Amino acid sequence: MIEKLDYSAAGVDLKAADEAVARVGELAKTTYTDGVLAGVGPFSGLFRLDTAAYREPVLVSSCDGVGTKLKLAIRAGCHRTIGVDLVNHCINDILTCGARPLTFLDYIALGRLDSVLVAEVVEGIAEACRENGIALIGGETAEMPGIYRKGEYDVAGFINGIVERDAIVDGSQIRSGQAVIGLASTGPHTNGYSLIRKILFDQNQYELDDTPEELGGTTLGEAVLAPHRSYLHAVEGLLRTKLVTGMAHITGGGIAGNLVRILPEGVQAVVDTSLWTCPPIFTFLQRVGQIDPEEMYRVFNMGIGFVVVVEHDQAPQVVDTIVAGGVDASVIGNIAAGTHQVRLNTPA
């Protein structure tokens, strides 16, 4: 006799899915802004754009994930910060062109649905959305047995923002003589985690609750899982002044690999790494992993999570504005005539 099957026998728990959707819906409602017409529940989220508030609005979209930082979050059993990472990474990407975020959607995929885990991730997403004035208007939770092993999951985020066409920051106005300002990161943010895991767990036998002397009492888990910082509040005041000629989000590829993306032909950026203090997590990883300085700056942000380019004489005012927005900042270099490149002056 053929065994009678149902969906749960195939590894999909519809009851757990319903519970997760209900909890996600509750969390999403805490982020709704005036423009939300329909959020989580229907097949599509609906958002009313206030076109009267703009002369020539341009919609800006992006999507991203958090990479193998998930592996450490799973190891630590700490998932809320992953939701914060996801939102803030996406915010910073669209912020580079001067856009302010409007809506966010998430995608969470698991082998076996864990409603508690999903709720924890979405709690972080909702928290970051509220802090940045974004409406979480939809998403997808996919249960896919056979694709992900027990306890594993993946996430992706999708963001939409808006900017006036004549206020788009695209780097085209970057000129020789301008200043490069670096904004402090909270740690590795969401990049370089394959190397971090290699250093900590493959090459060495560290645990996430270890407290190396260099970290001053902070555990390794706290240092490497520190949430990706949003630079929206620190930078949005600058956008109204139109002092900024270029912005770069420092992600995979480090300062050189990301700053070069906004440079026009005929100029180069010269960055002096002695002009800021590298967070101890990076010096620790470099020492125990025996990583060359050039490789560290190629893989990690090394303490600079976002870069702003402005006229040299405006730099002190811009730094003060950023610091008033809650983020440490300093001039870390300048724009000079030259080939399309970023030169890093790093210690031997």
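Which residues is Ile-332 in contact with, leaving aside its neighbours within four places in sequence? The legends below describe close-up views of a predicted model.

View 1. Beyond its neighbours within four places in sequence, Ile-332 touches Val-180, Ile-181, Gly-182, Val-270, Val-271, Asp-272, Leu-275, Trp-276, Ile-304 and Val-307. Because its relative accessibility is 0%, Ile-332 is classed as buried. One of these contacts, Ile-304, is 28 residues away along the chain, with a C-alpha separation of 9.5 Å from Ile-332.

**View 2. Crossing of helix 5 and helix 9.** The axes of helix 5 (residues 193-203) and helix 9 (residues 280-289) come within 10 Å and cross at roughly 50°. The two helices are therefore oblique to each other, and the crossing is left-handed. On the helix 5 side, Ile-196, Ile-199, Leu-200 and Gln-203 meet Phe-284, Leu-285, Val-288 and Gly-289 of helix 9. This contact comprises six nonpolar residues, two polar residues and no charged residues.

**View 3. Strand 6 and its pairing with strand 3 and strand 4.** Strand 6 (residues 153-164) is mostly covered, with nine of its twelve residues buried. Strand 3 (residues 57-64) runs antiparallel to strand 6 and is joined to it by eight bridges; in this pairing, Cys-63 has Phe-158 of strand 6 as its bridge partner. Strand 4 (residues 100-110) is also antiparallel to strand 6, through ten bridges. Here Ile-108 is partnered by Val-155 of strand 6.

Note on methods: Residues are numbered from 1 along each chain as its sequence is written. This is a predicted model: local features need pLDDT of at least 70, side-chain atom pairs count only at pLDDT 80 or more; totals for chains, interfaces and linings use all residues. Side-chain values use heavy atoms; hydrogens and water are left out. Buried means under 20% relative accessible area, exposed over 50%, partly exposed in between (1.4 Å probe, protein chains only). Contact means heavy atoms within 4.5 Å. Axes are lines fitted to C-alpha atoms, for helices over the stretch in contact, and angles run from 0 to 180 degrees between N-to-C directions. Helices (H or I, at least four residues) and strands (E, at least two) are DSSP runs, numbered from the N terminus. Angles under 35 degrees count as roughly parallel, over 145 as roughly antiparallel, 65 to 115 as roughly perpendicular and the rest as oblique. A crossing is left-handed if the near helix is turned anticlockwise from the far one by less than a right angle, and right-handed if clockwise. Ala, Val, Leu, Ile, Met, Phe, Trp, Tyr, Cys and Pro count as nonpolar, Asp, Glu, Lys and Arg as charged, and the others, Gly among them, as polar. Two strands pair if DSSP finds at least two bridges between them.
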